[in-house]
Structure formats: structure tokens, C-alpha cells
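Open your viewer and get ready to click along. We will go from one selection to the next and say what is there.

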Amino acid sequence: MEIMGLAVIVILVSIGLFYMIAFTKEPQPEPVKEYTASELATNTIVAMLATDIDDCGTTLEKVIVDKATYQNLPCLRSDDPINKSISLMLENSLQKWGKDYKLTIDYPDTATNTVDIAVPTTPLCGDMRERETGTQPIPLYPVPGTVMVSLSICT
Amino acid sequence: MKRAQIQFGESLAVIIILVVMIVLGIMFYARLQHDENTETSRTHSDLKAIEIAKLASSLPELKCTGRPVQDKTCIDMEKAIRLEKWIGDNPTNLHYVKVFGDATVKLYFVYPTPIPVLNPIEIMKQTQNTQYKTTVQVPVTIHDPSTRKSRFGYLEVSSGG
């Protein structure tokens with residue numbers, strides 16, 4: 001009967017070892033997650049800023065600069081092309097892909113006007129380590145100062 | 001019961017337990033191996049999709065010409081339309097099969113209002129059905145040289161492992 005007891009102990013130890021191997025397996029890196037984290041935010045901002053805004057006939061970058069300085073563009077007088085275009089772009093890309101994001105535009109003190117970003121941003125992940133932020137500086141030349149456009153995406 | 005019979009019974013029990021242990025071991029090993037294979041396939045498919053996405057967005061056949069160097073996310077709309085047609089007419093062209101592998105590469109228009117007949121431009125179409133599929137999107141500016149306007153869109157690469 002002793003041998004039976006020994007066998008039971010061996011079985012229990014073996015099962016324990018198997019479970020240990022199965023659960024302590026190191027998590028594999030996720031290439032898409034890493035790539036998304038490193039490139040998506042920056043690529044999105046760069047592409048958005050270079051896009052021509054329908055009503056203004058110029059790029060989003062130039063509309064942001066004009067809004068903060070001289071406001072020469074007629075489209076800025078009647079409508080809110082900045083919020084309208086950013087909403088459309090983000091809703092049909094990041095939001096569609098299930099990414100949580102937050103977009104901010106920081107104006108320098110020298111800016112004569114600012115835009116409150118009313119883009120419906122999704123609830124952002126709490127942990128900073130899970131966020132990837134892309135930032136693009138836009139100089140207001142010849143007016144001193146730089147506008148900072150930032151987009152944070154949860155990875 | 002005779003002593004010999006008891007000993008035989010014990011030996012039989014030990015053999016049965018050993019067999020059960022070996023079977024359990026094989027089952028666990030097979031499960032681990034299967035998980036590892038799945039993981040490898042997924043990682044391979046992910047890496048392939050990323051590689052193709054990076055390559056497609058920087059391909060001279062698609063990139064905008066005469067734009068600033070930093071404008072690396074710009075795709076020429078005319079070039080994309082021509083390339084879609086060209087690859088469609090020459091599906092066995094080995095160069096693009098080598099470049100894109102067996103992946104689907106589509107160019108979507110997002111802003112302003114997408115052009116229905118062009119949305120999406122299917123540059124390359126996957127021919128085989130694969131078990132694991134990874135999709136990667138790269139936001140780009142789509143420049144139309146005829147109107148000199150730039151649109152917002154994205155390149156979508158779906159690749160199987």
C-alpha cells in the first residue's frame with residue numbers, strides 16, 4: 001500500500017509542475033500593439049494637419065495658425081471648421097477602430113484667439129504607461145509662439 | 001488473498017498510474033505546443049502586416065512627389081488608382097506579389113466626404129484564406145494632384161499568417 005501513497009504524491013507533484021509551466025509562461029510581445037503605440041498617434045496628427053479643410057481651402061495646420069493670429073480666413077467667421085473637421089476625421093478612424101483617444105491644442109500666450117476643442121474624446125485610459133502621445137508643434141511665425149497639437153491614444 | 005496476488009495487484013496499479021501520468025504529460029505537452037504554435041502564427045502574421053503597412057506607405061509607386069521630406073504620410077491618389085488598375089490587369093506580376101505578399105491593401109478616404117466610387121481603392125487583394133488575420137491601419141494624407149487638395153484617409157493592410 002505504501003507504493004500507492006508514493007504514486008499519488010508523484011501524480012500530485014507532476015500535475016502541480018504542469019500547471020506551473022502552463023501559467024508561468026512569459027507573455028509574448030504583441031507587435032501590433034507596440035507598433036500602434038509608437039506610430040499611430042504621430043501619423044494621425046501629421047496626416048490630419050496636412051489635410052485640406054473643405055470650407056477653408058487650406059490645410060488644418062494653416063487654419064489653426066490663422067485662428068490663433070490674424071483670422072484672415074473667411075471660413076473662421078461663420079463656422080467652427082477646426083472642431084468640425086477634427087471630429088469627422090477622428091470619429092471615422094480611431095473611434096471606428098475602437099481606440100480611446102484625447103486630442104488637445106495648446107496655444108501660447110501670444111495667440112490672440114484660441115479654440116476650445118469640443119471633439120468628443122473617448123474616456124482615456126488612466127495609466128500613463130498605457131498611453132502613447134504624439135505631439136506636433138506649429139510655429140505661429142511671424143507672431144512669436146508655437147501651438148502644440150497633441151493626441152493621446154490608449155494602447 | 002495470497003501474497004503473490006497482492007504483489008501483482010500493486011504492480012498493476014503502479015503500471016496503470018504510470019500510464020495515466022504519461023498520457024497526462026503528453027496531453028499537457030500537446031496543449032502547450034499548440035498554444036505556442038498559435039502564438040507564433042499570430043506574431044508572424046502581425047509582423048508581416050506591420051512590415052507591409054510600412055512598406056506600402058513608403059512605396060515610390062504610391063508616395064507623393066514634390067512634397068516636403070517630412071510629409072512621409074502622403075499618398076498620391078492618382079498613383080494609387082493607377083497602381084490598383086495595373087496590379088488588377090497583371091495579377092501574376094511577381095514584383096508586387098513579393099512586395100505585398102498575400103495581403104490585402106486598401107486605401108480608405110475619410111475626410112472630406114469620401115468619393116463613393118473610389119472608397120476604398122483596393123491596391124492589392126489577398127487570394128488565400130488564412131486562419132489568422134492581422135489588420136493594421138496607417139493614417140495618411142491622400143493628395144489629389146489634379147485638384148491640388150489633400151484628403152485624410154488611411155491605408156489598411158490585412159495579412160494572414
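First, a term: a residue is buried if 20 or more other C-beta atoms lie within 10 Å of its own, exposed if 12 or fewer, and partly exposed in between, with C-beta atoms placed from the backbone. The model is predicted, so local features need pLDDT of at least 70 and side-chain atom pairs count only at pLDDT 80 or more, while totals for chains, interfaces and linings use all residues. Residues are numbered from 1 along each chain as its sequence is written, and chains are lettered from A and ligands numbered from 1 in the order in which they are written.

**Stop 1: B:H44.** Is this residue buried, exposed or partly exposed? B:H44 is partly exposed, because 16 other C-beta atoms lie within 10 Å.

**Stop 2: helix α1 of chain B.** B:H44 lies in this helix. Helices (H or I, at least four residues) and strands (E, at least two) are DSSP runs, numbered from the N terminus. Select residues 3-57 of chain B: these 55 residues reach 81 Å from first C-alpha to last, close to the 81 Å expected at 1.5 Å a residue (the expected span is 1.5 Å times one less than the number of residues). Buried residues of α1(B) include B:S45, B:A49, B:I52 and B:A56.

**Stop 3: all of chain B.** Zoom out to see three helices and five strands, in the order α-β-α-α-β-β-β-β from the N terminus on. The radius of gyration of chain B is 27 Å, well over the 15 Å that the globule rule gives for 161 residues, so the chain is more spread out than a compact globule. (The radius is taken over C-alpha atoms, and the rule is 2.2 Å times the number of residues to the power 0.38.) Along the principal axes, the C-alpha atoms fill a box of roughly 100 × 30 × 30 Å.

**Stop 4: the core.** A nonpolar core is a set of buried Ala, Val, Leu, Ile, Met, Phe, Trp, Tyr and Cys residues joined through C-beta atoms within 7 Å. In the largest one, with 59 residues, B:A53, B:I75, B:V105, B:L155 and B:V157 touch the most other members. Strand β2 (residues 103-111) of chain B gives the largest share of this core, seven residues.

**Stop 5: between the chains.** Two residues are in contact if their C-beta atoms, placed from the backbone, lie within 7 Å. Here 27 residues from chain A meet 30 residues from chain B.
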